[in-house]
Amino acid sequence: MRFALLLIALLCGSIQAADSVRLTNGEWPPYLGEHLPHHGVASRIVAEAFALQGVEVRWEFHPWARSLKMAEKGERDGSAVWLHSSERERLFHISDPVVESGYYLFHRKAHEFDWASVEDLRGLRIAGTRGYDYGEAFQRAEADGELQVVRLNSDEQGLRQLLAGRIDVFPLDKVVGFDMLHRHFSPAERARLSFHPLPLRSDNLHLLLSREIPGNAELIERFNRGLAQLRESGKVAQYLLEIQQPLSLGH
């Protein structure tokens, strides 16, 4: 009898130990970041959705390219959070949307402009961040030479060039942009900037789980169930509102 109880305890322990997932992550405040509260709001949503399904998340932070490659090879269970693509669908199980990202064209208030299509951006001095995809129409116009785009090393560099008058517009996720302006720029600098209300691109970001790891097909289903529970509870909307409330350009 004691042996049977011990065996059950060991089996339960093994099952419990298996209910964890190793995910890679990167730096993209306020959505993701090693030193942010809850590792950022997107990380918080992922972790709490898994927790509702009895799964513990163990995060690792690496440069983005390495994070994706480790997950792709099955060296880690997955990575958060990424755009959907047909190539990624081949390599990963892709979750339901975790958060939405909207890229807008930031500009100086003194340089008002309007646009309805990418063709309207011709003749403007534009910068972008290296490695970023700003949508099919923008990327194609850039590749064809219809738009003159200078690629910079960081979003912060783009905002500084915008303030210095070296460029006219700079595409940036609005929430990321506001957070960066609050952390690295003065109220006077923030007050000089605005953004056009038409999004350059708007996309959902997803959790990716590697197809190289057995059991991840079932695990992504568990995650989606937990995410739906978390969304229905109102907490996803609450968390996203909390990160945006303190942020504005004028204060």
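Is K235 buried, exposed or partly exposed, and what is its relative accessible area?

Reply: Quick heads-up: this is a predicted model, where local features need pLDDT of at least 70, side-chain atom pairs count only at pLDDT 80 or more, and totals for chains, interfaces and linings use all residues. Residues are numbered from 1 along each chain as its sequence is written, and side-chain values use heavy atoms, leaving out hydrogens and water.

So, K235 is partly exposed, with a relative accessible area of 37%. (Buried means under 20%, exposed means over 50%, and partly exposed is in between, using a 1.4 Å probe and protein chains only.) K235 sits in helix α10. Helices here are DSSP runs of H or I with at least four residues, strands are runs of E with at least two, and both are numbered from the N terminus.

Who does K235 touch? Skipping residues up to four places away in sequence, K235 is in contact (heavy atoms within 4.5 Å) with E48 and L230. E48 is 187 residues away from K235 in sequence, yet their C-alpha atoms are 9.7 Å apart in space.

L230 takes us to helix α9, where L230 is one of the buried residues. Others buried there include N216, L219, I220, F223 and L227. An α-helix has 3.6 residues a turn, so residues three or four places apart point the same way. After α9 comes G234, which has a positive phi, near 90°.

What covers the buried residues of α9? Among the elements doing so are α10 (235–244), α2 (41–51) and strand β1 (20–25).

Let's step into β1, because T24 in that strand is buried, with a relative accessible area of 0%. The T24 side chain reaches the backbone oxygen of S67 at 3.0 Å. That's a polar contact: a pair of N or O atoms within 3.5 Å, where, within protein, one must be able to donate a hydrogen and the other to accept it, and residues adjacent in sequence count only if both atoms are side-chain atoms. Leaving aside neighbours within four places in sequence, T24 also contacts W59, M70, R76 and A80, among others.
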